[in-house]
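Look over the sequence and the model before reading on.

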Amino acid sequence: MNVTLEQARALDALARHGTFAAAAQALGKGHTAVLYTLRTLEGQTELELLDRRGYRTRLTPAGERVLEHCRKLLAAERELEATCAEIRAGWEPTLRIVFDGVFPAEPLLRVVKALRAEGAGTRFHVSSEFLAGVEAAFVRDEADLMVSVLPPSLPGLRGYALPELKALLVAHRSHPLARRRRGTLQEEELAEHLLLTVRGSDPRLQLSTVSLEMRSTVHLNDFAAKKAAILEGLGYGWLPEHLASRELRRGELKLLKPASGSTHAFLPKLHHRAGVRLGRAARRVVKTLTGTEPPQ
């Protein structure tokens, strides 16, 4: 069977306009051309699609069923036309973004939402990884944009500075480290308790707790699991300020005060391949997050 769009349009026009003459006028074709097109459709489907016995030609029950599928073909044609027009207008077919999970997802999701509301047909793939896993996913998935807190090893990238992110060393208020009232915590005291990390940290972060990771550490899959474990009192660890601020205000979490420092600044950057021309969606993401207009 080789049903054509022309046949689908002819059947749809007859159903909508009621007569061959009106259908032909709507299609800008001759009356006999529409008759022939529909006869060939009946021949290909081996079904009687039209009831010609009355004053006006009507669709048979089989014709009504075939019409449903013809209209799906016509809808697919319209979608294809719209997609091609969007691509010609500079919108990417797809945009893949990978970001470090320490970076808040909300700014990325807001710009994606705004682009979708404006009618951008780009398909967005947004995923999170951690530390060196961000660059690995960027390469593996051939992503377009990468938000990383570690300096990438991949050559040929263009980077844009993002606002500084602060991480806080915290524990639940019931944790022994949080109940200690006076003085700074010494490394020996911290080493007596579980340090929680997300898949292990990286020496390049220069966290003040890096020397403790070889002792008592639990590696978790993401910051949501890490936060849950800290709130359960399992151990202590670093949380991004945006994830810990509400619980700190409520007193559920307590800021620990080790001699080596209780805060750490992450300096994230957004990267893309320097030799690749960015589409409209990628350019908007870069400009919205960094305030910088990427080069044409």
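Start with T57, which lies in the loop between β1 (50–51) and β2 (58–59). Keep in mind that this is a predicted model.

- T57 has a relative accessible area of 19%. The cut-off for buried is under 20%, so T57 counts as buried.
- Leaving out residues up to four places away in sequence, T57 touches L14, G18, F20, L50, D51 and R52.

**Helix α2**
- Helix α2 spans residues 20–27. The buried residues of α2 are F20, A23 and A24.
- An α-helix has 3.6 residues a turn, so residues three or four places apart point the same way.
- The cover over the buried residues of α2 includes α1 (5–17), α3 (31–45) and β1.
- F20, one of the buried residues of α2, is also among the contacts of T57.
- G28 follows α2 and has a positive phi, near 70°.

**A171 in strand β7**
- A171 sits in strand β7, which covers residues 165–172.
- Its relative accessibility is 0%, so A171 counts as buried.
- Beyond residues up to four places away in sequence, A171 touches A178, I230, G235, Y236, E252, L253, K254 and L256.
- One of these contacts is Y236. A171 and Y236 are 65 residues apart in sequence, but their C-alpha atoms are 4.6 Å apart in space.

Terms used:
Residues are numbered from 1 along each chain as its sequence is written. This is a predicted model: local features need pLDDT of at least 70, side-chain atom pairs count only at pLDDT 80 or more; totals for chains, interfaces and linings use all residues. Side-chain values use heavy atoms; hydrogens and water are left out. Helices (H or I, at least four residues) and strands (E, at least two) are DSSP runs, numbered from the N terminus. Buried means under 20% relative accessible area, exposed over 50%, partly exposed in between (1.4 Å probe, protein chains only). Contact means heavy atoms within 4.5 Å.
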